[in-house]
Amino acid sequence: MEAVFARGTQTTDFFSDNFFYVNNCGYYNNIDIGFQVSRTDGRQDYQFIFISQGCMEVLSNGVFIPVHAGGAVLFRPGEPQCYHISESSGTSYYWLHFSGFYAEEILNQADIVENIFYSKCLSDLKPLFRELVGAIRSGGSDLFAAGLAISLLSSVSVKPQSMFARIIDQMNNDIDCGIFDRDYAQSAHMSKYHFIRSFSGACGKTATRIFLVAENGACKAAAFRYLRENRRNSRTAWL
């Protein structure tokens, strides 16, 4: 297993009064031992994690949720940070601790709202993390490191609406499959209750309501097809 800390292993748990500051960053590569972090009171700064390989289980709303390669996790100041990795998973992940009075605004502008999410852009993060770690280890300025970190965060921009649009499409394909909220929550990498609350906030309706509308529309379409076929067959019988 390879472990890299850009600013060393000394404590960096504080909130900077700069506009944006990289407290520390680094990565764990090919973890081959049982690995667990339990910070029930969180940290004073933010932590952003990107899983590049394998899987990490993250506690979210009282439930451990598996986050697979290509997924990201964000912990805000004071939020519990509890996650673990099994020794057989071969997981690799990159991490970034940051703070500053403008940090939350940067996250808002990047549409990073959920604490667990996926985005098509996440596959590009590995070289950005490596560049950031290298810049700090080589003595680059704090301002340069801040610029690289902001660029990294902005590149993972993901709108919750786009994720829920994908789930609504999935609903339309699952009319007859008996899929429930908990199944869609797993697809969104959220607990059931977090999914229900987030879905309603982003879409203006509950997932159940949208599913029922889709189901009703599918029934109407099926009835229309039946009547059309039946009418055609009736005409054929008379000929």
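**Exercise 1. In which helix does Leu128 lie, and which residues does Leu128 touch beyond its close sequence neighbours?**

Step 1. Find the helix: in this predicted model, Leu128 is part of helix H2, which covers residues 125-137.

Step 2. Look for contacts, leaving out residues up to four places away in sequence: Leu128 touches Leu152 and Ser155.

Step 3. Leu128 and Leu152 are 24 residues apart along the chain, and their C-alpha atoms are separated by 6.2 Å.

Step 4. Classify Leu128. Its relative accessible area is 24%. Buried means under 20% and exposed means over 50%, so Leu128 is partly exposed.

**Exercise 2. Which side chain meets Arg7 in a salt bridge, and which parts does the pair tie together?**

Step 1. Start with the total: the structure holds three salt bridges.

Step 2. Pick out the one with Arg7. Its side chain meets that of Asp142, at 3.4 Å from N to O.

Step 3. Arg7 sits in the loop between strand S1 (2-5) and strand S2 (21-29), while Asp142 belongs to helix H3, so the pair ties together parts that are 135 residues apart in sequence.

Step 4. Classify Asp142: with 38% relative accessibility, Asp142 counts as partly exposed.

**Exercise 3. Are Arg43 and Asp45 buried or exposed?**

Step 1. See how the two are linked: the side chains of Arg43 and Asp45 form a salt bridge of 2.7 Å, N to O.

Step 2. Now the answer: both Arg43 and Asp45 are buried.

**Exercise 4. Where do Glu104 and Arg76 lie, and how does each one count by relative accessibility?**

Step 1. Note the link: Glu104 and Arg76 meet through their side chains in a salt bridge of 3.1 Å, N to O.

Step 2. Locate them. Glu104 is in helix H1 (residues 103-109) and Arg76 is in the loop between strand S7 (71-75) and strand S8 (81-85), so this pair ties together parts that are 28 residues apart in sequence.

Step 3. Classify each partner. Glu104, at 28% relative accessibility, counts as partly exposed, and Arg76, at 16%, counts as buried.

**Exercise 5. Which residues make the nonpolar surface patch of about 440 Å²?**

Step 1. List the members: Phe19, Phe101, Tyr102 and Leu143 make this patch.

Step 2. Follow one of them, Leu143, to its helix: Leu143 lies in helix H3, residues 142-154.

Step 3. Classify Leu143. Its relative accessible area is 61%, and exposed means over 50%, so Leu143 is exposed.

Terms used: Residues are numbered from 1 along each chain as its sequence is written. This is a predicted model: local features need pLDDT of at least 70, side-chain atom pairs count only at pLDDT 80 or more; totals for chains, interfaces and linings use all residues. Side-chain values use heavy atoms; hydrogens and water are left out. Patches are made of residues with over 30% relative accessible area and no salt bridge: like charges are joined within 9 Å, nonpolar side chains (Val, Leu, Ile, Met, Phe, Trp, Tyr) within 5 Å. Accessible areas come from the Shrake-Rupley method with a 1.4 Å probe; for residues, only the protein chains shown count as cover. A salt bridge is a side-chain nitrogen of Lys or Arg within 4 Å of a carboxyl oxygen of Asp or Glu. Helices (H or I, at least four residues) and strands (E, at least two) are DSSP runs, numbered from the N terminus. Buried means under 20% relative accessible area, exposed over 50%, partly exposed in between (1.4 Å probe, protein chains only). Contact means heavy atoms within 4.5 Å.
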